[in-house]
Amino acid sequence: MLIIALLIGLAAAIITAMILTPRVVEYVETIEIQAPVERVHNAIRYQKDLMHWSAWPWETGSQCSVQGPDGEVGAQTVFLDKKGKRFGYQEIIELEDKTKVGFKLESKGPPHVPKMDFYTAALSGDRVQVLLHFRNDITPPFHIVLRLAGIVRWTREMHRKDLDGLKRFVEKGEDYRGNQLQKVA
């Protein structure tokens, strides 16, 4: 009888956790960059530039390639593992002139629907505020697993690193690791 009571208690705890744990991950991160808004907006929308400043390729050891019209709706940054096998991509799904770049993200793993929007707003003195809005709808019970595994926290930290990399890229001409990039004439 004790074993049945424990199993019922465990089932009740799991069901309660599934109900109470938010299945939507959503947050906003911001940074201020000293540069013209057009340069910042272009660094975000052009995938060839994004691959220099984004933390994801460096931190995950993945390779990237651009497919489609770079800088336009439909352009994709395709992520490849060390063996060259495609495991995901991010695609530009929305562009608003100098103010927004919207991405959808696809990857292997638990069922989820991640979307990321970058908003750029010109401030005085050639300064730009960049706002990164991330939202991910995660299918239960994976919403609990990803939180317990630390993936939600890790993803947010990667987005903070992305914004720092974007700032270095635009202001100093450096890649994510701080290496100076060659200027193209």
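This is a predicted model: local features need pLDDT of at least 70, side-chain atom pairs count only at pLDDT 80 or more; totals for chains, interfaces and linings use all residues.
Mentor: Residues are numbered from 1 along each chain as its sequence is written, and side-chain values use heavy atoms, with hydrogens and water left out.

Trainee: Why is T120 called buried?

Mentor: Buried means under 20% relative accessible area, exposed over 50%, and partly exposed in between, with a 1.4 Å probe and protein chains only. T120 has a relative accessible area of 6%, and is therefore buried.

Trainee: Where does T120 lie?

Mentor: T120 belongs to strand β6, residues 112-123. Strands (E, at least two residues) and helices (H or I, at least four) are DSSP runs, numbered from the N terminus.

Trainee: What makes the pair T120 and K98 a polar contact?

Mentor: A polar contact is a pair of N or O atoms within 3.5 Å; within protein, one must be able to donate a hydrogen and the other to accept it, and residues adjacent in sequence count only if both atoms are side-chain atoms. Here a polar atom of the T120 side chain lies 2.7 Å from the backbone oxygen of K98.

Trainee: Why is P36 called partly exposed?

Mentor: P36 has 28% relative accessibility, so it counts as partly exposed. P36 is placed in the loop between β1 (24-34) and α2 (37-45).

Trainee: Which residues does P36 touch, leaving out those up to four places away in sequence?

Mentor: They are D126 and V128, where contact means heavy atoms within 4.5 Å.

Trainee: Why does V24 count as partly exposed?

Mentor: The relative accessibility of V24 is 26%, so V24 counts as partly exposed. V24 is found in strand β1, and its contacts beyond four places in sequence are R135, N136, D137 and R147.

Trainee: What makes a residue part of the lining of a pocket?

Mentor: On a 1 Å grid over the protein atoms alone, a pocket is an open set of points where a 1.4 Å probe fits, with protein on both sides within 12 Å along at least five of seven lines; lining residues have an atom within 4 Å of a point. The largest pocket is lined by 26 residues, and W56, S107, H112, W154 and T155 lie nearest its centre.

Trainee: Which element supplies the largest share of that lining?

Mentor: Helix α6 does, with five residues.
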